[in-house]
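This report looks at charged pairs and a surface patch. Have the coordinates open as you read.

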Amino acid sequence: MDNLVIPFWFLALLPSPCCAAPFSETLTVSVKSPVSVQKGHVATLPCWLTSSQSAEDMEVRWYQGGAQKETSILLYKAKGVDYTSQKASYTDRVSFGLKDGTSSGLKTGDISLKLQNVTLEDTGKYTCFVSSLADYDSASVSLIVTETGRPPLLSAVMKDDDQVNVSCESEGWHPKPELRWSDRTEALTSADVSFSKTSAGLYTVRSWLLVPSSSEVSCAVGFASEVPKEARIHLKYSPSLPEESGSSSAGWVAFGLLLAAVLAASGALYFLYFRRKANKPRNDTTDGAQLMNSPDEIEPLLSKGRYIVV
């Protein structure tokens, strides 16, 4: 009998399944950051529980930047989404997403945020907060919204000492793009790179570079994660040819000959006019009669007493 009692006591000391230690409620959140997406596209901000435990019975909050948790972008609790405290600018644009193609969503602890039709104003930091009855944790994801600008425009201005000032300009970018100069063999260092921002939040980048008058350079503008937009210019300086100077001298000679011809013609007309006037006959009687009979001329002379009319 005693031999049978010992095994039963031994079995009583063994842990039973119903009394096993509960599953750990410690929460650890993991994220993937930063996330870059073009304006107008869909962005997924990856956030998940490291233990892959279900988040269906937990509370999940997404909010932007340093805003209070009460102003949520997405609030999930009591197994449903609560839209009463949602930020107005995100209405009908947010939902839970999948961090990858193998994810099963909330069942496997995937609490990623899906944001549709992203705008430039969506750029910034987003916080993923999750809590259970026993623990809570949070992590942040940075979202970068990009806008690809126009191809660069190149212009060249000749300077002294056989140098050319080449300028490069491209507009419509967000955020600030990178600008790189190069020739056929190596990268070139620009003298200056400047940015300006429009009221729409887009950037224009400008730069200039001094190069020899006979050279080929390119300007590339873009983001590190994308293929840049590039423009190239080929400079070939040719000095003025002697024939061009001779043509200019010939023009001045022609102008001088034309001016001499005009002066000669004017002189001939002037000579003919006075010759014709000199050959016109005079009428002395008539002129004398007019002089004697003009009271306007006679009376002042008589009144002065200086002349006697015979």
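Is Glu216 buried or exposed? Glu216 is buried, with a relative accessible area of 17%. The cut-off for buried is under 20%. Keep in mind that this is a predicted model.

Glu216 pairs with Arg232 in a salt bridge, with the closest N and O atoms 3.6 Å apart. Arg232 sits in strand E19 (residues 229-235) and Glu216 in strand E18 (residues 215-222), so the pair ties together parts 16 residues apart in sequence. Arg232 is partly exposed at 45% relative accessible area.

The whole structure holds eleven salt bridges. Three of them are listed here.

| Salt bridge | N to O distance |
|---|---|
| Arg93 – Asp122 | 2.9 Å |
| Glu171 – Arg150 | 3.0 Å |
| Arg232 – Glu216 | 3.6 Å |

Take Arg93 and Asp122, joined by a salt bridge. Arg93 lies in the loop between strands E7 (80-81) and E8 (94-96), and Asp122 in the loop between strands E9 (113-115) and E10 (124-131), so the pair ties together parts 29 residues apart in sequence. Arg93 counts as buried at 13% relative accessibility. Asp122 is buried too, at 3%.

Glu171 and Arg150 also meet in a salt bridge. Here the partners are 21 residues apart, with Glu171 in strand E13 (residues 163-173) and Arg150 in the loop between strands E11 (136-146) and E12 (153-158). Glu171 is partly exposed at 34% relative accessibility. Arg150 is exposed at 55%.

Now the nonpolar surface. Phe255, Leu259 and Leu263 form a patch with about 320 Å² of accessible area together. Leu263 is in helix H2 (residues 242-278). Its relative accessible area is 57%, so Leu263 counts as exposed.

Conventions:
Residues numbered from 1 in each chain as written. Predicted model: local features only at pLDDT ≥ 70, side-chain atom pairs only at ≥ 80, totals over all residues. Heavy atoms only, no water. Patch = residues over 30% accessible without salt bridge, like charges linked within 9 Å, V, L, I, M, F, W, Y side chains within 5 Å. Areas by Shrake-Rupley, 256 points an atom, 1.4 Å probe, with all protein chains shown as cover. Salt bridge = Lys/Arg side-chain N within 4 Å of Asp/Glu carboxyl O. Helix = DSSP H or I, 4+ residues; strand = E, 2+ residues; numbered from the N terminus. Buried < 20%, exposed > 50% of the residue type's maximum accessible area, 1.4 Å probe, protein only.
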